[in-house]
Each structure stands twice: as structure tokens, then as C-alpha cells.
Amino acid sequence: MLDAKPLEGGKPAGAAPVAARVGIGGPVGSGKTALIEALIPVLQRRGINFAIVTNDLVTREDAERIRRSGLIDPERVSAVEAGACPHTVIREDPTLNIAAGDDLEAKFVGLELVLFESGGDNLASTFSLELVDWWMFVIDVAGGDDIPRKKGPGLLRCDLLVVNKVDLAPHVGVVLEPMLKDALRVRDGRPVIATNARSGEGVEAVADAIVAAVLFRA
Ligand SMILES: Nc1nc2c(ncn2[C@@H]2O[C@H](COP(=O)(O)OP(=O)(O)O)[C@@H](O)[C@H]2O)c(=O)[nH]1
Ligand SMILES: [Mg+2]
């Protein structure tokens with residue numbers, strides 16, 4: 001993965017067409033991997049040719065979990081070991097992730113989409129647009145209904161904010177509607193989708209958003 005191919009404007013030299021690249025960031029445990037697991041069958045049903053890159057601090061745990069899930073050809077899942085700072089490899093120096101995406105694209109002809117799961121970070125993590133065309137940020141209801149009001153750059157700047165674990169709201173004393181309203185308000189009305197990655201609630205809407213934003217399909 002370190003022997004990245006020569007890059008021309010972030011794309012592999014001579015390779016066309018280039019798959020759309022979508023980032024999935026957010027705090028540890030918010031449900032990024034669970035959302036990917038829920039998205040896999042939805043994207044497959046829509047006939048989308050896609051692959052996944054995960055980022056963990058010093059392990060390949062998320063990649064192994066997705067590979068073992070039986071939901072997708074394990075060869076379509078790559079792992080980048082992010083080292084100490086997960087945001088470094090999605091923002092300051094995304095070379096390893098770009099190379100992982102390029103490798104997948106070289107391996108799977110006609111690849112249309114690569115999903116990049118960031119290592120869990122804090123509310124400040126954002127993706128470099130050298131790496132992704134579009135990115136979402138996943139927070140969860142159990143993290144507290146004050147999270148949107150804390151306005152981290154990840155939450156504010158992402159193309160889509162996902163508020164996951166809506167099923168847990170009654171158990172953690174959160175009233176969902178005001179939390180979603182706060183999220184929409186701090187984002188000046190840019191998209192917010194509520195999900196339960198375990199039951200699949202809201203996941204079709206996330207797929208719709210990805211498809212409309214980067215695959216330009218209805
Ligand atoms: N109740 C509930 N649990 C969830 C949901 N999404 C994820 N989880 C659980 O939250 C934990 C962390 O999820 P994971 O996908 O590993 O988070 P990540 O660190 O952001 O990738 C796991 O135990 C998941 O099963 C959800 O929508 N509802
Ligand atoms: Mg994960």
C-alpha cells in the first residue's frame with residue numbers, strides 16, 4: 001500500500017473512469033462500521049459496484065469485522081492502519097488512503113464507489129477533499145442531545161450528518177426531535193438523517209443521499 005502509484009490530481013495515472021470516494025467520519029462508537037454493514041446490502045440491491053477502506057489506529061479490526069460479516073467479498077475491504085491520529089490520514093496526509101482506494105480500483109474493474117471509514121475521532125475531524133468527493137459524519141443519540149450545539153467542525157462541515165442509534169433515545173433521556181432540530185439549525189438546514197444502523201431505519205435515505213451526491217443517479 002505504501003508503493004502508491006503516481007498521482008495526477010489525486011487520481012491514478014491513466015486510470016479512468018474513477019470511482020467516487022465517500023468518507024464516513026465521527027466519534028468512536030457512534031456506529032460508522034454498523035452503518036457501513038447496513039449500507040452494504042442496500043448498495044448491492046441497487047447494483048452499485050463498490051469497495052470499502054477502513055482506518056483503525058493500530059489494528060485492522062473494522063476491516064476484519066466487515067470481511068467476516070459475509071455481506072461482501074472480503075477482497076473488496078482494505079485496511080489502513082492510521083497510527084496515533086486518525087484525522088491525520090484522512091486530512092493532513094491522506095496518501096495511504098488514496099493509495100488504498102487506487103489499489104481497489106485497479107483490482108475491481110468498473111468500481112463506482114469507495115467508502116472510507118475514518119478511525120474514531122472527536123467532533124473536530126474532517127476529511128480532505130483530496131481524498132473524498134463527499135463525506136458524512138456519524139454521531140449518536142447516546143452521546144447526548146447537546147452534541148449538535150457543540151458545533152464541532154466535523155458536524156458542521158460534513159455533507160451529510162447522520163444521527164445514529166435513534167432506538168436508544170428513550171433509554172438515555174434524549175428527545176429526538178429537538179436534537180434533530182438543533183442539528184439542522186447549526187448546519188443552516190444542510191442534510192441531517194436519523195438512523196438505527198441495527199434495524200436499518202434511515203439507511204435507504206443515506207444510500208439515496210450518496211447516490212444522488214456522487215453517482216448522479218435518481
Ligand atoms: N442500539 C444501537 N446500537 C448501535 C447502533 N449502531 C451501532 N450500534 C452499536 O454501537 C457499537 C459501536 O458501533 P460501531 O459500528 O463499532 O461504531 P464505530 O466505532 O463508529 O465504527 C456497537 O456495539 C454497535 O452494535 C444503533 O443504531 N443502535
Ligand atoms: Mg468502526
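## Strand 8

Strand 8 is mostly covered, with 5 of its 5 residues buried. A residue counts as buried if 20 or more other C-beta atoms lie within 10 Å of its own, as exposed if 12 or fewer do, and as partly exposed in between; C-beta atoms are placed from the backbone. Strands (E, at least two residues) and helices (H or I, at least four) are DSSP runs, numbered from the N terminus. The model is predicted: local features need pLDDT of at least 70, side-chain atom pairs count only at pLDDT 80 or more, and totals for chains, interfaces and linings use all residues. Residues are numbered from 1 along each chain as its sequence is written, while chains are lettered from A and ligands numbered from 1 in the order in which they are written.

Leu160, Val162 and Asn164 point one way from strand 8. Leu161 and Val163 point the other way. In a regular strand the side chains alternate between the two faces of the sheet.

Two strands pair if DSSP finds at least two bridges between them.

Strand 7 (residues 134-140) and strand 8 (residues 160-164) run parallel, joined by 5 bridges. Val138 stands opposite Val162, and Asp140 stands opposite Asn164. On to strand 9, strand 8 has 3 bridges, again parallel. There Val163 has Ala194 as its bridge partner.

## Strand 4 and its cover

Strand 4 is largely enclosed by the rest of the structure, because 7 of its 7 residues are buried. Phe50, Ile52, Thr54 and Asp56 point one way, and Ala51, Val53 and Asn55 the other. Strand 4 pairs in the parallel sense with strand 6 over 5 bridges, and with strand 5 over 5 bridges. Ile52 stands opposite Leu115 in strand 6 and opposite Val77 in strand 5.

Contact means C-beta atoms, placed from the backbone, within 7 Å.

## Nonpolar core

The largest nonpolar core has 59 residues. Such a core is a set of buried Ala, Val, Leu, Ile, Met, Phe, Trp, Tyr and Cys residues joined through C-beta atoms within 7 Å. Leu35, Val114, Leu161, Val162 and Val163 have the most contacts inside this core. Helix 1 (residues 32-45) gives the most to the core, with 7 residues.

Leu161 touches Phe137, Leu155, Ala183, Arg187, Pro191 and Val192, not counting residues up to four places away in sequence.

Ligand 1 is surrounded by 16 residues, the closest being Gly31, Lys32, Thr33, Ala34 and Ala197. A residue is near the ligand if its C-beta atom, placed from the backbone, lies within 6 Å. Helix 1 supplies the largest share of the shell, 3 residues. By class, the shell has 4 nonpolar, 8 polar and 4 charged residues. Ala, Val, Leu, Ile, Met, Phe, Trp, Tyr, Cys and Pro count as nonpolar, Asp, Glu, Lys and Arg as charged, and the others, Gly among them, as polar.

Asp140 lies in strand 7. Asp140 counts as buried, with 24 C-beta neighbours inside 10 Å. Beyond four places in sequence, Asp140 touches Ser30, Gly31, Asn164 and Lys165.

## Two positive phi values

Most residues other than glycine have a negative phi. Lys165 has a positive phi, near 65 degrees. Lys165 is found in the loop between strand 8 and helix 7 (176-186). Lys165 is buried, with 24 other C-beta atoms within 10 Å.

Asp188 also has a positive phi, near 50 degrees. Asp188 is found in the loop between helix 7 and strand 9. Asp188 counts as exposed, with 7 C-beta neighbours inside 10 Å.

Methods
Two residues are in contact if their C-beta atoms, placed from the backbone, lie within 7 Å.
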